[in-house]
Amino acid sequence: MRSSHRTERSLDELYRDDPERADALVWRRRGVLKGAALAAMGAAVGGAIPFARNAPPGFVPSALAQGAAAQGPEYLQMEGKARLVLLGDRPLNAETPEHLLDDDVTPAPNFFIRNNGQVPDAAPNAMAWKIKVEGEVNTPLDLSIGDLQQRFEVVTRRLQIECGGNGRSFFVPQARGNQWSTGAIANSEWTGVRLRDVLRAAGLKDSAKFTGHHGSDLHLSGNGEAISRGMRIEKALDEDTLIAFRMNGQPIPQIHGAPARLVVPGWPGSLSQKWFNRIELKAQPHAGRGMGGTSYRVPTAPIVPGSRNDGATFRDLENMPVRSILTNIAHGTRLPAGTRRIEVRGQAWAGDDTVRADDVSVDFGATWTAMTVNPPPNSHSWQRWRGAVALPSDGYFEIW
Ligand SMILES: Nc1nc2c(c(=O)[nH]1)N[C@H]1C(S)=C(S)[C@@H](COP(=O)(O)O)O[C@H]1N2
Ligand SMILES: [Mo]
């Protein structure tokens, strides 16, 4: 965000072409940004940087380093979808700019897209779609969506789905995979039945300790499933884990898993199987595509960043970490000169947990202003935060 005139852009270009070298030029010789380097940085971001003295060593202005979005993003062009930032089209992946996540209930057009394989054609008759429950159960089931609606309580909840890789583009050194910034999150209103009710109807054996999820989409090669993940039975029995057949009161859009998908809020989005047609109950952890190794897994002890690792000592990523986004002011917004107070708001969430406090800084973290945080409308929904911050002058500011 800046409120000043543009000047020369050479450092900006250098940041785009070679961010590490630009960073080294500006930072390596001095701990604190000052003198000519400060002037160059200000020129690159298009305004004075009033709080430059607080900027951390090695700081790269957000205006110059927003991952794909700063490098001239490519946008998704798809019927029924907003201008999402395209990360790749084979498989199709697109993320939502933060300012399109301002709604408490994420509208279908603004919902990020994450595919691991081919997108299946729409099923000709959604009501005839069958979901199998098998493995360590007393009575295997084969239920249509009509059966689900008749036999079990239908509930509606606001639930987060967040990709396990959300925020990955900020890793240093860079990590493999889609370079999500903060837009692989959505919080829509899902209608469906609780997975636990269905599992209880099948009768869980004592040996049922893990799940394995299946959908109808194929790997890009055409061989095998695109992705098949599973989790501990405790999460399958959580009251917010749903087999959903409606999103925001409408049939689920095809790209988001029609006619039925799992919604496993607060844990990696990869568990929320789209085009969901089968769940296995297992005595051992599931071994489908996307399980084991380093996929959707995290180290149990610190490792050298960027080092090679076979993941043998990793554990599955479960409860997602806390995160907060700013949704009412887009990246790079220019406000009128003389602006001294701005209202800010956004969303915050923390996997299975509830967010109690959210603080905002406009001086690179030297001081923080407390925001108000709404309680969630139901568990596993994100939460609205809002407040106001003061600006001492015109210039370049970052809202942290
Ligand atoms: N069948 C199937 N389900 C899937 C996927 C997929 O590729 N195929 N991707 C998973 C991942 S990694 C995420 S983050 C979410 C994304 O859901 P969305 O595309 O509706 O945003 O779906 C999950 N469910
Ligand atoms: Mo994901």
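On a 1 Å grid over the protein atoms alone, a cavity is a set of points where a 1.4 Å probe fits but cannot get out, whereas a pocket is an open set with protein on both sides within 12 Å along at least five of seven lines, and lining residues have an atom within 4 Å of a point. The structure is a predicted model, in which local features need pLDDT of at least 70 and side-chain atom pairs count only at pLDDT 80 or more, while totals for chains, interfaces and linings use all residues. Residues are numbered from 1 along each chain as its sequence is written, chains are lettered from A and ligands numbered from 1 in the order in which they are written, and side-chain values use heavy atoms, with hydrogens and water left out.

View 1. The largest cavity holds about 250 Å³ of space, and its lining is formed by 20 residues, with Arg114, Arg261, Gly269, Ser272 and Lys274 nearest its centre. Divided by class, this lining has 9 nonpolar, 7 polar and 4 charged residues (Ala, Val, Leu, Ile, Met, Phe, Trp, Tyr, Cys and Pro count as nonpolar, Asp, Glu, Lys and Arg as charged, and the others, Gly among them, as polar).

**View 2. Ligand 1 and its shell.** The largest cavity is the space taken by ligand 1 (a molecule sits in a cavity or pocket if more than half of its atoms lie within 2 Å of its grid points). Ligand 1 is surrounded by 18 residues, the closest being Phe112, Asn116, Asp217, His256 and Lys274 (a residue is near if one of its heavy atoms lies within 4 Å). The shell comprises 7 nonpolar, 7 polar and 4 charged residues.

**View 3. Polar contacts of ligand 1.** Oxygen atoms of ligand 1 lie 2.5 Å from a side-chain N or O atom of Lys274, 2.7 Å from a polar side-chain atom of Arg261 and 2.9 Å from a backbone N or O atom of Arg114. Of the 530 Å² that ligand 1 exposes when taken alone, the protein buries 100% (Shrake-Rupley method, 1.4 Å probe).

**View 4. The second largest pocket.** This pocket has a volume of about 1,400 Å³, and among its 41 lining residues Arg168, Ala175, Arg176, Thr294 and Arg297 lie nearest its centre. By class, the lining has 18 nonpolar, 15 polar and 8 charged residues.

Notes:
A polar contact is a pair of N or O atoms within 3.5 Å; within protein, one must be able to donate a hydrogen and the other to accept it, and residues adjacent in sequence count only if both atoms are side-chain atoms. Grid points are joined across faces, edges and corners, and a volume is the space filled by probe spheres set on the points.
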